[in-house]
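Work through the exercises below with the structure in view. Try each task before reading its solution.

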Amino acid sequence: MRAQFVLSEIGVGLRRNLTMTFAVVVSVALSLALFGGSLLMNDQVNTMKGYWYDKVNVSVFLCNKSDAESDPNCARGAVTDDQKGQIKTDLEKMSVVDSVTYESQDEAYKHYKEQFGDSPLASSLTPDQMQESYRIKLKDPEKYQVIATAFDGRDGVQSVQDQKGILDNLFGLLEGMNIAALAMMALMLVVALMLIVNTVRVSAFSRRRETGIMRLVGASGFYIQTPFIMEAAVAGLIGGILACGFLVVGRYFIIDHGLALSEKLNLINFIGWDAVLTKLPLILATSLLMPALAAFFALRKYLKV
């Protein structure tokens, strides 16, 4: 009987404040969708870092005859065979180095033609203008500076370049977008909490006569508060279900179908469905507990029990 009464009161409360309940559902859905999207964006950035940083190479470019005439770093002339041998030996001795690959001028010219064959400069370049280089794969991509410190300015070395710097700019942009999404989520969360508190206050005020009678007949404070808390929890749970739907539909249409980024951007290792599904229970739990706690603390102040 008590459970039936509580459920009937929840239904009455939701119908009486239908407009505000709708506002609570929408604000909770949007804030938690942004929250889940931010978590997925963070997973995506970490996945991309793990995928791309593992492929990052440090390149030690060697001086050629053209550099000896124009580049201050090669003022002592083109690299000699002895210098090349010593550079390779020193690289292989370093504990941070996983492997060292030599690229000749002919190989560099071939790779350039494959990548930039349509460029106007391609027809004017010759193999002897290209630079020999050592491509170094590091055990830890964060240790690039060790290579740069050891070989920058060394005889026969024109420059040391790290591909990680290019990736860092991309990941910095993605993380900035993630922070912006979190800021928007926080704003929407505050709006949702304010709506929940106001909805509970209005509901408690509209039923002050019923709660007064319940106090007179000896009903406990928890029994009086339960319908109001459950109203907020149900509205929040509906919003959480909508947020989960937004994430699932977004993943489906953005990555798999619709925009189909997984097909158009083959070089990006996108997060899988497992990453999405593991976030859904957290979103549902938050959507249930957050409004319930907000309602509980609001009732302590605005409902005299």
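**Exercise 1.** Is Phe253 buried, partly exposed or exposed?

Solution. The model is predicted, so local features need pLDDT of at least 70, side-chain atom pairs count only at pLDDT 80 or more, and totals for chains, interfaces and linings use all residues. Residues are numbered from 1 along each chain as its sequence is written, and side-chain values use heavy atoms, with hydrogens and water left out. Buried means under 20% relative accessible area, exposed means over 50%, and partly exposed lies in between (1.4 Å probe, protein chains only). Phe253 has 44% relative accessibility, so it counts as partly exposed. Tyr252, at 37%, is also partly exposed.

**Exercise 2.** Classify the aromatic pair of Tyr252 and Phe253, then that of Phe296 and Phe297.

Solution. Rings of Phe, Tyr and Trp (its six-membered ring) pair if their centres lie within 6.5 Å; planes under 30 degrees apart count as stacked, over 60 as edge-to-face and the rest as tilted. The structure holds three aromatic pairs. For Tyr252 and Phe253 the centres are 5.1 Å apart and the planes make 85°, an edge-to-face pair. For Phe296 and Phe297 the centres are 5.3 Å apart and the planes stand at 75°, so this pair is edge-to-face. Phe296 is partly exposed, at 30% relative accessibility.

**Exercise 3.** How many bridges join strand 1 and strand 4, and how many residues of strand 4 are buried?

Solution. Strand 1 (residues 57-62) pairs with strand 4 in the antiparallel sense over five bridges. Val58 stands opposite Asp162 in strand 4, and Leu62 has Val157 as its bridge partner there. In strand 4 (residues 157-162), five of the six residues are buried.

**Exercise 4.** Which ring does the charged end of Arg251 sit over?

Solution. A charge sits over a ring if NZ of Lys or CZ of Arg is within 6 Å of the ring centre and within 35 degrees of the ring normal. The charged end of Arg251 sits over the ring of Trp273, 4.9 Å from its centre.

Technical notes. Helix = DSSP H or I, 4+ residues; strand = E, 2+ residues; numbered from the N terminus. Pairing = 2+ DSSP bridges.
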